[in-house]
Amino acid sequence: MSHDTDAQGAAHQGHAKPPALEAASQALADPGSARPEADQAPAIRVRHLWHRYGNRDVLKDVSFEVGHGEIFGFIGPNGAGKTTTINIMATLLEPMAGRVEIDGIDVALDPDEVRRLIGYMPDHAGVYDRISVREYLEFFADAFRVADLAVVDAVIELTDLGNLQHRLVAALSKGMKQRLQLARILLHDPKVLILDEPASDLDPRARIEIRDLLLELKDLGKTVFLSSHILTELSDVCTSIGILEKGQLVIAGPIGEIGARLEAGAYAGASQGGAPTPMVSTRRLKLRVLGDARQVLPLLQGGGGVLGVEAGTGGQLTISHSGGDAFVADVVRHLVSQGVALVGVEPERNELERIFLEYTRGDLQ
Ligand SMILES: Nc1ncnc2c1ncn2[C@@H]1O[C@H](COP(=O)(O)OP(=O)(O)OP(=O)(O)O)[C@@H](O)[C@H]1O
Ligand SMILES: [Mg+2]
């Protein structure tokens, strides 16, 4: 089944609410005013979701929640079930068991209302390309029954497509087309954006542009749900993550909270379905010193929290350890007090990479 065409997207969202994007744009100057109220229901709630293709379960009891105003990264290797979950959230596929609610509305009971609430961007979406950027957006504004064409201007401004608005869609780069896709799904002013692999195949600059746009949308009070199989792709904008592996949710929650749980080494498994339980967390710290790194080894070996030290070329040292930030501070203080010319301190992995490696086995489904 393919849902990748524009026409289907338009049909989908054909009963859109009158937009309030202008208000949203004004709110850029005053982001606080556009923040959603403390709603009862979370922006997205997935409860005990199962899905099966043929006789194969591809989603197995997946449960998580995404709060309003969050940027949630749904991360998992190819075949983990991300698109299947997203297709259910976007009302393209009915859940076989379990419940999915968008802003408190059940996708199976009231799909029309859900479609008004969401802006859905499929992976590998095609775009009509023999028309200009502006014509493209005006066409979809019409399809979404957006009465006021000023909305198209607001969306063009927000997505920074002003200079390109008269260019043929066919002449856009991949990154620009991706921005155009985002512009399209903003026309009906959705509360929740559901983006399937929005940054895949983009070069670093285009990825940064998408990232900045997502942050702007967050400032407008939108909730953003995005999937990625590449961990680092948009990780720096995510406030929360969920990691899916072989149809099972391994862990989900705010990044800081998950990191703290790892730090405590006390996490006992996020789902009931046999998710791997992490071992005590091992972190790596890279240092660079002036001179021969090997001479520094004795100052570190055997220290509290140190699991191993290696000296490399160019004054590089890699310390495996079980400590947190306080450990890093202690090491730096110790080395400096011993007269070591320390010129670089770099935790080897970011928080998200660490979480990912701790919680997944990396097998493909
Ligand atoms: N229409 C379908 N019929 C049968 N099996 C399917 C269908 N769609 C997906 N699958 C299978 O379901 C599993 C989950 O697929 P899904 O597309 O949800 O994964 P994904 O996490 O989005 O992967 P990717 O990162 O490659 O996009 C895969 O094993 C896939 O082969
Ligand atoms: Mg997918």
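Visitor: Which two helices have axes that come within 9 Å and cross at roughly 30°?

Guide: Helix H6 and helix H8 (residues 174–186) do, in this predicted model. In general, two packed helices are described by the angle between their axes and the distance between the axes.

Visitor: How is the angle between H6 and H8 put into words, parallel or perpendicular?

Guide: Angles under 35 degrees count as roughly parallel. H6 and H8 are therefore roughly parallel to each other. H6 passes H8 in a right-handed crossing.

Visitor: Which residues make the contact of H6 with H8?

Guide: H6 supplies Val133, Tyr136, Leu137 and Phe140, while H8 supplies Leu180, Ala183 and Arg184. By class, six residues of this contact are nonpolar, none is polar and one is charged.

Visitor: At what angle do H6 and H7 pack?

Guide: Helix H6 (residues 133–143) meets helix H7 (residues 150–158) at an angle of about 130°, and their axes are 10 Å apart. An angle counts as roughly antiparallel over 145 and as roughly perpendicular from 65 to 115. H6 and H7 are therefore oblique to each other. The crossing of H6 and H7 is right-handed.

Visitor: Which residues of H6 and H7 meet?

Guide: From H6 come Arg134, Leu137, Glu138 and Ala141, and from H7 come Val151, Val152, Val155 and Ile156. Six residues in the contact of H6 with H7 are nonpolar, none is polar and two are charged.

Visitor: Turning to the ligand, how many residues surround ligand 1?

Guide: There are 13 residues around ligand 1, and the closest are Tyr53, Asn78, Lys82, Thr83 and Thr84. Helix H4 (residues 82–89) contributes the most to this shell, with three residues. Sorted by class, the shell around ligand 1 has four nonpolar residues, eight polar and one charged.

Visitor: What is the phi of Thr91?

Guide: Phi of Thr91 is about 65°, a positive value, although Thr91 is not a glycine. Thr91 sits in the loop between H4 and strand S4 (97–102).

Visitor: Why is Thr91 called buried?

Guide: A residue is buried if 20 or more other C-beta atoms lie within 10 Å of its own. Thr91 has 20 other C-beta atoms within 10 Å, so Thr91 is buried.

Visitor: Where does Glu197 lie?

Guide: Glu197 is in the loop between strand S7 (192–195) and helix H9 (204–219). Phi of Glu197 is also positive, near 50°, in a residue other than glycine. Because 22 other C-beta atoms lie within 10 Å, Glu197 is buried.

Notes:
Residues are numbered from 1 along each chain as its sequence is written. Chains are lettered from A and ligands numbered from 1 in the order in which they are written. This is a predicted model: local features need pLDDT of at least 70, side-chain atom pairs count only at pLDDT 80 or more; totals for chains, interfaces and linings use all residues. A residue is near a molecule or strand if its C-beta atom, placed from the backbone, lies within 6 Å of it. Helices (H or I, at least four residues) and strands (E, at least two) are DSSP runs, numbered from the N terminus. Ala, Val, Leu, Ile, Met, Phe, Trp, Tyr, Cys and Pro count as nonpolar, Asp, Glu, Lys and Arg as charged, and the others, Gly among them, as polar. A residue is buried if 20 or more other C-beta atoms lie within 10 Å of its own, exposed if 12 or fewer, and partly exposed in between; C-beta atoms are placed from the backbone. Axes are lines fitted to C-alpha atoms, for helices over the stretch in contact, and angles run from 0 to 180 degrees between N-to-C directions. A crossing is left-handed if the near helix is turned anticlockwise from the far one by less than a right angle, and right-handed if clockwise. Two residues are in contact if their C-beta atoms, placed from the backbone, lie within 7 Å.
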